[in-house]
Amino acid sequence: MARTFSQGDRGPIRSSFSDDPDMLELVQEFVENLPGRVAQLKTAYDSNDRVSLTRLSHQLKGASGGYGFDGVGAAAGRVEASLLALPADSDVASLKRELNELVAMCQRVCV
Amino acid sequence: MSELTAPNETETRHVVLVIDDSNDVHRLLQARLKQEQLQLEAATDGAEGIERVIELMPSLVLLDLDMPTMDGFEVLRHLKESSVTHDIPVVVLSGLQSPADKVTAFDLGAVDYITKPFDLMELRVRLRSALRMADLVTMLAQRAHIDGLTGLYNRAAFDQRWQQVTSENDRHGKPLCVGVFDLDHFKSINDTYGHPAGDEALRVFGALIQRECRSCDIACRFGGEEFVLIMPETVPEDADVVCNRIREKLAELEWPAHPERSVTVSVGVAGSAGRSDVSPEAWIEAADQALYRAKKGGRNRVVIEALPSGDGSALKQAG
């Protein structure tokens, strides 16, 4: 976990199940689908679609840990928590930093 | 027959219903629990989850808490409030980690709480433990309806089934018969050959009545040396055939503990070819009267008491 918080770290993030043959196929599928999820997150952010953004970050939070990417799950959890703490009439633009962190982390994920 | 059909067969695969809004979780669990001999079923929101619990009646529910629209707490509350789903164990599988959430889940009736992301071994052992406990509870509930000596349904189970069967007769007017079986001179078998011989006679007759009756019949040990056979959708003439077959098979048996002495049974049957207005209690009383006549008439015989069917109401008062 500490590694993912490190500012300077831009290295690949691997699944903690990467040596589990039972999980390999599932992890691969998750990694392949991740760019699509990131695109959906960005679209929701750009269109200030708070409902979709909450749902997407919630799902990513739940799923990432299961595939062995706890750091991604924690970053998605921070986006979700900030969204839930956001006053009803506020713009999602204030989440820029949390979202960028999550996106950056997703881009480093590999099998 | 519903809950009373299979007193001893629970070797089938457990059905586990997973209620979670994340398809990832469903796929992960399928992969992770592949070796557990479970039939995993999926529901992706709370309302669908409740519907599927009622449809599947699973051995166990794995429930997510943090779901949109209807959250897991509400699902849990719903399941525990309904008499149909109340006894199905629920294990919470949640990303919510606060002690308050855990306390709430247990207060609502969850049997265990696993946090996501789950550790594989922990998930497996917790599931096994919950299923083991569920099996024990089911077994105890069944034992409460089973006679220890013969393995037949006991008096309590008979009372419950008899109420149901007679009320069905009352509603649909289908034929119904009940036979009361009493082993002849049972006290003398006990006195002459000892209680183990008496118990053996009861055990053997219990197995025989179960084997010789039809699959729709319900055999019970009423108490002591008295047994009851409920014969649904059976007219008195057919009940006569069934009961005489049982009686004859018993009389033919040879007994290693007392080869010089056979064991016989007297049977009183009360039955109706259609709707009978007789109360459940009066029905048994009529069978007892027939049994009394069978004993009086020399034992080892079947006596049939045909109850008035249609709108006859003479015996209703008697109950």
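Biologist: What kind of model is it, and what is the mean pLDDT of chain A?
Modeller: It is a predicted model. Chain A has a mean pLDDT of 87, and 92% of its residues reach 70 or more.

Biologist: Which elements of chain A have the lowest and the highest mean pLDDT?
Modeller: The lowest belongs to helix α1 (residues 2-5) of chain A, at 43, and the highest to helix α5 (residues 96-107) of chain A, at 94. Over residues 1-8 of chain A the pLDDT is below 50, and this stretch has 7 contacts in the model beyond near neighbours in sequence. Where pLDDT is low, the predicted coordinates should not be read in detail.

Biologist: Turning to chain B, how many helices and strands does it have?
Modeller: Chain B has 10 helices and 10 strands. Of its 319 residues, 37% count as buried.

Biologist: In what order do the 5 strands of the open sheet in chain B run?
Modeller: The order is β7-β8-β6-β9-β10 (chain B), with mixed pairing. β7 (218-223) and β10 (302-306) of chain B stand at the edges with a single partner strand each, so one side of each has no neighbour in the sheet. Neighbouring strands of this sheet are turned by 20 degrees against each other on average, direction ignored.

Biologist: Is β9(B) parallel or antiparallel to β6 of chain B?
Modeller: Strands β6 (residues 176-183) and β9 (residues 265-272) of chain B run antiparallel and are joined by 8 bridges. One bridge partner pair here is B:G179 with B:V269. By contrast, β9(B) and β10(B) pair in the parallel sense over 5 bridges, and B:V267 has B:V302 in β10(B) as its bridge partner.

Biologist: How many residues of β10(B) are buried?
Modeller: In β10(B), 4 of its 5 residues are buried, and the strand is mostly covered.

Biologist: Which strands does helix α10 of chain B lie across?
Modeller: Helix α10 (residues 280-296) of chain B lies across β6, β9 and β10 of chain B, at about 140 degrees to β9(B). Helix α6 (residues 155-172) of chain B lies across β6, β7 and β8 (226-232) of chain B, at about 130 degrees to β7(B).

Biologist: Which residues of α5(B) are buried?
Modeller: They are B:L123, B:L127 and B:A130. These buried residues pack against α1 (23-32), β3 (60-63), β4 (90-94) and β5 (112-115) of chain B.

Biologist: Where is the cis peptide bond?
Modeller: It joins B:K116 and B:P117, with omega about -5 degrees. B:P117 is found in the loop between β5 and α5 of chain B.

Biologist: What is the phi of B:M57?
Modeller: B:M57 has a positive phi of about 45 degrees although it is not a glycine. Most residues other than glycine have a negative phi. B:M57 lies in the loop between α2 (46-56) and β3 of chain B, and counts as partly exposed because it has 13 C-beta neighbours inside 10 Å.

Definitions and conventions. Residues numbered from 1 in each chain as written. Chains lettered and ligands numbered in written order. Predicted model: local features only at pLDDT ≥ 70, side-chain atom pairs only at ≥ 80, totals over all residues. pLDDT = per-residue confidence, 0-100. Helix = DSSP H or I, 4+ residues; strand = E, 2+ residues; numbered from the N terminus. Contact = placed C-beta atoms within 7 Å. Pairing = 2+ DSSP bridges. Axes fitted to C-alpha atoms, helices over the stretch in contact; angles between N-to-C directions. Buried ≥ 20, exposed ≤ 12 C-beta atoms within 10 Å, placed from the backbone.
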